[in-house]
Amino acid sequence: MVNISFLKSGHCFHPEFVSKKGGSFQSVMFPATVALIEHPRYGVLLFDTGYSEHFFTATKKFPEKLYRMVTPVELNQTEILRNQLKERGIGVKDVKNIFLSHFHGDHIGGVKDYPDAQFIYDHASYDSLKNLSNFSALRRAFLPQLLPSNFIERSLPVHSAQMSACAEVEGFLTGYDMFGDQSVVAVYLPGHEIGHMGLIVRANDQKTYLLAADAAYHRDAYLKGCLPHPLARIIIQDYDAYKTTNDKLSHLSVARPEITIIPCHCMDTFTDIRSEVVK
């Protein structure tokens, strides 16, 4: 069992109708939710890193500036992830592993802040991006400037051959058992990006969480079938696979309601989780 907590590392704004077909044209907040996982033997693991100052540096010039123009970002000092960890007594060198669900800028924005961390991600995810031109990378919401120069040397990419029958969760029967004790299991959530992955976490609070990253932009997607507007297909690599994954999340929410699904950018979910912590 591990300890898990959820932190908000900045947010962006975007018209609601893009993420939810039938939504309003009003610009709404999309938090960058990060999971802090503390394993009794293997130490601190981060699930994604949200935004950081590095994101603003990487998007100063054209064409990368378009990223920030399309999704305006806000990040104050108290929300910078390393500052939040410091308040919890966790230094940047205490972070031993960072699991990257995928390589969009709002998920890898802070990786440079952790000099001793190993990076765990699906191998095909990075391989599909590493040789792209600036414009092609930008179209995939990838900012290579956000990665440290020794990224490859510090990487532990996951291959599909490493997946085994260990997830034991409705609809997700195979996964990559990260620590060999089934406390943290990586599973594929295809569609949003090539190699897009999430984590099933069995926590000390006797709860099981599915960290779904961008498999759904908000919980209405799998609870009510409110899928993104066709415009969102610009950044969804495989829409059919995305819908299939959403169906699996929908089925899971009914069959296993005790499992808490965490979509990274759902403000309602983040607010509910924080309220539980306060209680």
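What covers the buried residues of helix α9 includes β10, α8 and β11 (259-263), where covering is judged by contact, meaning heavy atoms within 4.5 Å. The names follow a simple rule: helices (H or I, at least four residues) and strands (E, at least two) are DSSP runs, numbered from the N terminus. Keep in mind that this is a predicted model, in which local features need pLDDT of at least 70 and side-chain atom pairs count only at pLDDT 80 or more, while totals for chains, interfaces and linings use all residues. Residues are numbered from 1 along each chain as its sequence is written, and side-chain values use heavy atoms, with hydrogens and water left out.

Helix α9 (residues 239-255) has 17 residues and reaches 24 Å from its first C-alpha to its last, close to the 24 Å expected at 1.5 Å a residue; the expected span is 1.5 Å times one less than the number of residues. Which residues of α9 are buried? They are Tyr239, Ala241, Tyr242, Thr245, Asn246, Leu249, Leu252 and Ser253. Here buried means under 20% relative accessible area, exposed means over 50%, and partly exposed lies in between (1.4 Å probe, protein chains only). Seen down the axis of α9, the buried residues fall within an arc of 155 degrees, so they line one face of the helix; the arc is that of the directions from the helix axis to the C-beta atoms. On the other side of α9, Asp240, Asp247 and Val254 are exposed. An α-helix has 3.6 residues a turn, so residues three or four places apart point the same way.

## Salt bridges

Now for the charged side chains. Side chains of opposite charge can pair when their charged atoms come close. The structure holds ten salt bridges, each being a side-chain nitrogen of Lys or Arg within 4 Å of a carboxyl oxygen of Asp or Glu. One of them joins Lys20 and Glu16, at 3.8 Å from N to O. Lys20 counts as buried at 16% relative accessibility, whereas Glu16 is partly exposed at 22%. Glu16 and Lys20 also belong to a network of salt bridges that links them with Asp220 and Lys224.

Which parts of the chain does the pair Glu53 and Arg82 tie together? In this salt bridge the closest N and O atoms are 2.6 Å apart. Glu53 lies in helix α2 (residues 53-58) and Arg82 in helix α4 (residues 81-87), so the pair ties together parts that are 29 residues apart in sequence. Glu53 is partly exposed, with a relative accessible area of 29%, and Arg82 is partly exposed with 25%. A further salt bridge brings together the side chains of Arg219 and Asp272 (2.6 Å, N to O). This pair links distant parts of the chain, 53 residues apart: Arg219 sits in the loop between β10 (208-213) and α8 (220-224), and Asp272 in helix α10 (residues 267-278). Arg219 is partly exposed at 25% relative accessibility, and Asp272 is partly exposed at 35%.

Phe62, Leu66, Met69 and Phe135 make a nonpolar surface patch of about 450 Å². Patches are made of residues with over 30% relative accessible area and no salt bridge: like charges are joined within 9 Å, nonpolar side chains (Val, Leu, Ile, Met, Phe, Trp, Tyr) within 5 Å. Accessible areas come from the Shrake-Rupley method with a 1.4 Å probe, and for residues only the protein chains shown count as cover.

Leu66 belongs to helix α3 (residues 65-70) and is partly exposed, with a relative accessible area of 32%. From Leu66 to Ile108 the distance is 18 Å, C-alpha to C-alpha, and the two are 42 residues apart in sequence. Phe62, another member of the patch, is joined to Pro63 by a cis peptide bond with omega of about 5 degrees. Pro63 is found in the loop between α2 and α3.

## Backbone details and a loop glycine

Where do we find Ala141, a residue with a positive phi of about 60 degrees although it is not a glycine? Its place is in the loop between α7 (134-139) and β7, and Ala141 counts as buried at 10% relative accessibility. Ala213 also has a positive phi, near 50 degrees, in a residue other than glycine. Ala213 is found in strand β10 and is buried, with a relative accessible area of 0%.

Gly180 lies in the loop between β7 (176-177) and β8 (184-188). Is Gly180 buried or exposed? Gly180 is exposed, with a relative accessible area of 60%. The C-alpha atoms of Gly180 and Cys166 are separated by 9.6 Å, and the two residues are 14 residues apart along the chain.
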